[in-house]
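Hi,

Here is the structure I promised to pass on. Have a look at it first, and then read my notes below.

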Amino acid sequence: MKDINYDSSFIPEGGPSHATFNTLTVAAGVQWHNPYNAAGANEQIIVGGISPAGSVGTAGGWVQGGGHGIFSPQFRIGMDNAVQFTIITSFGLHLTANAYSYLDFFWVFIVHGPIWSVKAHSSFSLTAYM
Ligand SMILES: Cc1cc2nc3c(=O)[nH]c(=O)nc-3n(C[C@H](O)[C@H](O)[C@H](O)COP(=O)(O)OP(=O)(O)OC[C@H]3O[C@@H](n4cnc5c(N)ncnc54)[C@H](O)[C@@H]3O)c2cc1C
């Protein structure tokens, strides 16, 4: 529920080998203070929310609401930086949604949020420090 994984050459499931992304993948229970620390430790910037002690959840409601952050004027909002979600549908189906697999699920999740599934992991693209 709290795992975080940095991958500078992340390939979305089902994507071609040249489609690599610089990403941080977080589990559903992660709160923003953890990804900020993980991104900083790898000299990366992540677009994320601002809340007291970084308490708002990263993988769940934030990105489903668009995901505004202090870096958004430069690096856009959270949903623009979403690369992949792994989700569990209300029918118990565990699947991975991104631009290459289950694209319809990927977009529905961003646009409509938690109507019929629970997100287990979210992957966000990062930007290296200038
Ligand atoms: C103090 C504070 C500061 C904030 N600052 C910002 C900010 O800077 N930028 C910004 O964009 N927003 C900000 N918000 C709004 C925040 O992004 C939303 O409240 C968001 O919905 C919080 O998501 P959560 O997962 O932490 O909360 P929750 O209340 O747990 O969830 C919110 C919604 O997401 C759903 N959800 C949660 N986890 C999952 C999951 N794993 N899978 C599917 N659905 C899930 C829930 O069902 C619920 O509908 C702030 C909110 C607070 C309270």
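Leaving aside residues up to four places away in sequence, Phe124 touches Thr23, Leu24, Ile46, Asn81, Ala82 and Val83; touching, or being in contact, means that the two C-beta atoms, placed from the backbone, lie within 7 Å. You will find Phe124 in strand β6 (residues 117-125). Phe124 counts as buried, because it has 26 C-beta neighbours inside 10 Å. The cut-offs there are 20 or more other C-beta atoms within 10 Å for buried, 12 or fewer for exposed, and partly exposed in between, again with C-beta atoms placed from the backbone. Val47 is 77 residues away from Phe124 along the chain, yet their C-alpha atoms are separated by 8.5 Å.

Before you go further, a word on what this is. It is a predicted model, in which local features need pLDDT of at least 70 and side-chain atom pairs count only at pLDDT 80 or more, while totals for chains, interfaces and linings use all residues. Residue numbers start from 1 along each chain, as its sequence is written.

Now the overall picture. The protein chain has 5 helices and 7 strands, in the order β-β-α-β-α-α-α-β-β-α-β-β along the sequence. Its radius of gyration is 14 Å, close to the 14 Å that the globule rule gives for 130 residues, so the chain is as compact as a globular protein of that length. (That radius is taken over C-alpha atoms, and the rule is 2.2 Å times the number of residues to the power 0.38.) Helices (H or I, at least four residues) and strands (E, at least two) are DSSP runs, numbered from the N terminus. The C-alpha trace spans about 40 × 35 × 25 Å along its principal axes. Of the 130 residues, 30% count as buried. Among contacts with a separation of 6 or more, 59% are between residues 24 or more positions apart.

Which residues touch the most other members of the largest nonpolar core? They are Leu24, Ile46, Phe85, Ala97 and Phe124, in a core of 21 residues. Such a core is a set of buried Ala, Val, Leu, Ile, Met, Phe, Trp, Tyr and Cys residues joined through C-beta atoms within 7 Å. At least two residues of this core come from each of β2 (21-27), α2, β4 and α5, and β4 gives the largest share, with 4 residues. As for Leu24, its contacts beyond four places in sequence are Ile4, Tyr6, Pro35, Ala38, Ala39, Ile46, Phe124 and Leu126.

Thr23 sits in strand β2. Thr23 is buried, because 25 C-beta neighbours lie inside 10 Å. With residues up to four places away set aside, Thr23 touches Asp7, Phe10, Val83, Ser123, Phe124, Ser125 and Leu126. Thr96 is 73 residues from Thr23 along the chain, and their C-alpha atoms are separated by 16 Å.

Next, a hairpin. Strands β4 (residues 82-89) and β5 (residues 94-98) pair in the antiparallel sense over 5 bridges, where pairing requires that DSSP finds at least two bridges between the strands. Phe85 has Ala97 in β5 as its bridge partner. There are 4 residues between the two strands, and Gly92 in this hairpin takes a positive phi near 85 degrees.

Two other backbone angles deserve a look. Most residues other than glycine have a negative phi. Ala53, though not a glycine, has a positive phi of about 60 degrees, and Tyr102 also has a positive value, near 50 degrees. Are these two buried or exposed? Ala53 lies in the loop between β3 (44-45) and α2 (61-64) and is exposed, with 8 other C-beta atoms within 10 Å. Tyr102 lies in the loop between β5 and α5 (103-112) and is buried, with 20 other C-beta atoms within 10 Å.

Last, Gly69, in the loop between α2 and α3 (72-75). Gly69 is partly exposed, with 19 other C-beta atoms within 10 Å. Its contacts, not counting residues up to four places away in sequence, are Val47, Gly48, Gly49, Ile50 and Gly78. Gly69 and Asp104 are 35 residues apart in sequence and 26 Å apart in space, C-alpha to C-alpha.

Cheers
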